[in-house]
Structure formats: structure tokens, C-alpha cells
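Subject: Structure handover

Hello,

Please find the structure below, followed by notes on what was found in it.

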Amino acid sequence: MALVEVRNLWVDFETPEATVHALDEVTFSIERGRTLGLVGESGCGKSVTARAMLGLLRSPPAVVRTGQVVVDGRDLMAMGEAELRGVRGREVALVPQDPTTAFHPLLTVGRQLTEVLEVHEGLRRRAADDRAAAALAEVGFGDARDVLHRYPHELSGGMRQRAMIAMALLCRPKLLIADEPTTALDVTLQAQILRLFRELQDRHGSAVLFVTHDLGVAAEVCDDVAVMYAGRIVESAPTRELFALALHPFTRGLLRARPRLDAPVDQGLAPIPGRHPELLERPPGCPFVERCEFALGPCHDQRPPFELWSLAGTARALHGRRVACFEARQVAAAQDPAVELRPQSAPGGRPA
Amino acid sequence: MSALLEIRDLAVHFPRPRRWREPPAVVRAVDGVDLDLRRGESLGLVGESGSGKSTIARTLVGLQRATAGSIRLDGSELTGLDARGWFPFRRRVQMVFQDPYGSLDPRQTVLSILTEPMEIHALRKPRERRLHALELLEAVGLNPHYANRYPHEFSGGQRQRIAIARALTVHPELVICDEPVSALDVSVQAQVLNLLRELQERYDIAYLFISHDLAVVRSLCQRVSVLYLGRVVESAPRDEIFEAPRHPYTQALIAAVPDPTRAAAHPPVLLEGEPPSPTRPPPGCRFHPRCPARALVPDDRCAREEPPLRTDGAARWTCHLEPGSAPEA
């Protein structure tokens, strides 16, 4: 069993006006030492998934219909608040999008880091200071001792995000959840932070869930990528394979809509027509059908299963490519007519 | 093509808010910028936060006063004009803002948002204003039947289309786009970028397109100027900027763009640190504390002297490094 397993997670938000079906049968797993990128557009459910995995969905309005989030054998969905508090920050930690609002403005950085250690590990002040300084040094602060005494506003945006990462890693979490950790940063700082993520991943070996809307960012840090649309995971694959060949029309659309530095400029971009649905009802068929150029009859009224596929004649078959699309063969053929796809009969998750 | 906009040596300085136990200081947000824009052309303005991109935009539409320098629109000097003097130019220079949620009045219908600029500038007869507004809605890809709806009934991408239509109602010659697609999802972003391109061809508008996203700039702009700490460090036609960037900062910016096809092969050359404060810009070349090429210039000139302006065809950049002596980026 993988270190992190999310199984069949269904989450609704119920308000007096409407019910929003935010997550619809979300299932994935992350092995120790791997980074999974969760990619999708706003409103697709990627942040809801991240918050569910931290036990941070507020109820009401959130209702978890069914599902498990199993981290190292324990199901977070079955825990009470007191138990969750012992898990959050220790076994599962978060790096948020905006480090400016995530720090308490009136407490020093050091105080906020040492508090984590005092609460979770019962350390005394001096021992906690040492650990906090070591953690700050690890994320690249040359003057870590000095930074302990600073207030968040005295740090720049990039430094704050580094300090946030140091705080998340203090207790050596088994699972690190990064929710758009570089979106608020400039591209040069983003590159620095992404490099830091890769280095820390090599050293610590936690499982990382990396939530991002940017496929380029996902390509830089993730081993595997899961693409979400309308509350469902529609495709997952090892990162390089996903970029080499998209099997879901939405993934293909995302890749084609993205302006690139190496594509010819004159033909313009290829947008996906229409917009993301509002999830007020669960469509009987594929949620992407309205925007899809490959859609046929069954796409409208039957739910495409999230199936394991293999590419005939290549070793890639072993890497567990999954896609929820009836027309995956056509999508693949549109990119490379030589590719031959086969549904793989083996059930279950990633083959060994 | 004639010069539509000429900016020479533009400076915009702000007094920094007073801080306890610190002497008063001046933030040199824009500090000696030259830019040229021809009719019907789009110029991309890129740089990190704090480089002065948005301050230039705000100064061009009169939301911010220039401290020094000259801004000429079609030959007429804009700096020093009072509100009344500026008024006729407001029609000719329009702006599209980054945030499609904050830039439309929530209590106005779309129709009223679109007709108001024509009323202010006394363009067209009242009945024609309505027709023109509906025409523009159609031109930006929105159903004219939505004219009586309110902004909150639209998605982010649709609101940005409304903001673009509003900018076009008064037949501007220059539209300043300040990060117009940064708040949009990539599938919708492509829709809006294609729309901006079509409208440019149809109405012969010039764009000053401000963005931190180099791939977006490349998809739309014919020329690009790169800003660092309030100064332009390089200006060149699109293909030259992206294929043969000359300034070390431009090279680093391009290398830092995450790219699915490149990521696996070779990791980019990374820039260390963050831009220094524009309150006390470094002496000499402002980029020297972070510059990977500094060691290649003798006598540490980068830290002591202003870099010279170099030109090569249509490209101009400011750097102490002799062309050709830099290692390939």
C-alpha cells in the first residue's frame, strides 16, 4: 500500500441556495519520496482535495459523502478534531499559497516555528530554537539565528515562502501538501523555490502533493501528475509521459492553450471553448462533454470509467496511465497516429 | 508607421511612508525610462514585481504624476498637463486592468458600463451609443442579449471581455493592458489573448502590454522591453529577445520560465536573491549584485559605472559586457 491513499472521496458543499458537488470519486495514491502534481483550473476541486487531506473542510457547508484519506495506515476522515490536531503540522503539513497572510503578523518568525515543536514534540524553548534555526538554514537562510527574531513583514515575499517551507518541514511530515506555493512569486523567485522543493524532496523523502494550475511548474517538480476537471480526476500519468502524449481531451486542450516559448507565434493559441461548469449537478456522462471536440453519444449519458491503459509495444505500459475518457484512442491518434492504445485488464492502482 | 507614443527619461518617485527611527526616503519606482510605440504595434513590458511596470502604466493614463521626463502622444506633451488639459487624451489612451472583479462597477449593467465612456466624451448620439455598445459586445465574443446583466453574473474571462469592450468604446489609439490575463485560467487566457490579437488587427490599436509572464508576452507582442528596478535594461524585437537575449537579466528571466518540454533536459541557470529596494538602488549597473556575468567585466566596473547603451540593429541594451564575450546562456 502506498504511503498516502485517497480513496473514492465525494465531497459536497451544501448551502441553503444550492448544493455544489465539489469532489466526485477522487482516488489517487502517493508513494514515499514521490511528488504528485494535482493540476486543474479554478473551481475544479484541487484545493478542496488539499484541504480535505488536512481535515480542514469546515462542516457545514462541507459534507463528506464517502471516502478515505489514509496516511501511513490511518484514515484522517475517521478522526475527531482532537486527533486531527495531533496529525496536522506533524504528519501532514501545508505550504500555503500566500505566505504573507499565513504568518501571524504580530509574532516573530522564530516564535511561530518553535510553537510547532513545543506543541507537537514537547521541546523546551532552547532546543526548539536550535531546531528552528537549523530548519531555516536548510531552506537557504545564511543568518538563520537572526531571522528567528524578525517579524514576517521584515522578510521579502521569497524569504517568507522559504520560512513557510521550513516551518512545514519542522516535524519531518510524512505528507507535505503544497497549495500553489509559488503562484504569488515572481518567475525568478519561483524558480528558486521550485529548486528548493526538489532538493528537500531528495533529502527528506516525504510524499508531496503539489497543487498547481501551471503545467510548467508541475513539470519542474512532479514525478507524477493528476489532472482534475469538475471535481474528478480525469487523467494521471508519470509527468514526462503526460507531456509527451495526453490521453484526455482536457489535458490535451490545456497543453495546447498554454503559450510557450518554443512554439511558432503566428498561428495564435488554441483555447478550450466554453468554461468550467459550476458543479451544481452531477452530470450523468463526462463533465467535459460540452467543451470536447471528440465527444460522441455515450459521452453524454455514461460516466467514463477511470481506466488503466497501456501503449502497445512499449515499456510505458507499466507506468500506470489512467484516463477517464471513452475516446482516449482518438485523442492519442490525433497527436500521434502510430500510437496504439489498449485498455489494461489489471485492476487496482499502480502496478509494482 | 509613425511613433504614437514616445517616452523619454521618465521618472516617477514617491516619498516612502515614514518609518519609525528611519530617515525619510524616496522610492525611485521609475527612474529614467525610454519607450517607443508605433501605431498598431504591441510592446510588451516585462520585469519582476517592483520593477516599475505598473507605475509606468498608471502614469500614462494620468493616475500618477511624472516626477521628470517627457511623455509624448502623437507629438503632444502630456506631462505637466492639468486634468482639463489631459481630458482629450484620456479618450485616446484606454486601460484594461488586471483584476476583472475590481475594475467593473458592480451596480452598473453591462450596457451602462459600455455607454458611459461615450457619454463622458460626448461621442455619438444617445441611440447610437447603445447600438455601438451591442456591436462591441458581439466583437469581444459576448452575446448582446447579456447587455442588461450585472458584472457579478459573468465569469472572470467574460468580465475581462467586458473591460476590453469598454476600453474600445471610445476608439482609443493606445490600450494599456496591465496584466490582463494573469487572473484567468489558461484555457480562458488563450481565448482573451486571441481576442486582443483580432481586435488589434480590426481596429488598428497599439498595445502597451504589461505582464510578468514571458510566454504570454511572446504570444502577443512584436517588441519587448525589459525593466529592472525602474530602468529599461533591454529593448528588442520579439524574436531577438527570445532567441538571442543580450542582457544577462533578460537571459535569466527567460531561463526561469518553467517549461514542460525543457524541464527534464537541462535545469535553468538561476538568478540568486531578490531585487534590491528601489529606495536605494545599487550604484553602477543596478543589476550587478545579482548578475551572473559580473565577473567577466574587468575592474569591477559594473559596481562603479553606469553601463553604456549598446545597439545592434533594432536591439538596444545597457551592459558593461562587450557583445560576443558572454558565455552562451
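In which loop of chain A does Pro61(A) lie? Pro61(A) is in the loop between helix 1 and strand 4 of chain A; helices (H or I, at least four residues) and strands (E, at least two) are DSSP runs, numbered from the N terminus.

This is a predicted model, in which local features need pLDDT of at least 70 and side-chain atom pairs count only at pLDDT 80 or more, while totals for chains, interfaces and linings use all residues. Residues are numbered from 1 along each chain as its sequence is written, chains are lettered from A and ligands numbered from 1 in the order in which they are written, and side-chain values use heavy atoms, with hydrogens and water left out.

Backbone

A cis peptide bond joins Pro60(A) to Pro61(A), with omega about 10°. Another cis peptide bond joins Ser59(A) to Pro60(A), with omega about -10°. Pro60(A) also lies in the loop between helix 1 and strand 4 (62-71) of chain A. In chain B, His171(B) has a positive phi, near 50°, and is found in the loop between helix 5 (156-168) and strand 7 (174-178). Most residues other than glycine have a negative phi, and most peptide bonds are trans.

Interface

Contact (heavy atoms within 4.5 Å) involves 37 residues of chain B and 40 residues of chain A. The area buried between the two chains is about 3,500 Å², and carbon and sulfur atoms give 56% of that area. Buried area is the accessible area (1.4 Å probe) that two parts lose on being put together, summed over both. The rule finds 17 residue pairs in polar contact across the interface, both residues at pLDDT 80 or more. A polar contact is a pair of N or O atoms within 3.5 Å; within protein, one must be able to donate a hydrogen and the other to accept it, and residues adjacent in sequence count only if both atoms are side-chain atoms. Helix 6 of chain B gives the largest share of the side that touches chain A, 8 residues.

Salt bridges

Across the interface of chain B and chain A, 0 salt bridges are found, against 47 in the whole structure over all chains. A salt bridge is a side-chain nitrogen of Lys or Arg within 4 Å of a carboxyl oxygen of Asp or Glu. In one of them, the side chains of Arg303(A) and Glu25(A) meet at 3.1 Å, N to O. Arg303(A) is in the loop between helix 12 (297-301) and strand 11 (307-311) of chain A, whereas Glu25(A) is in strand 2 (residues 19-30), 278 residues apart.

Regards
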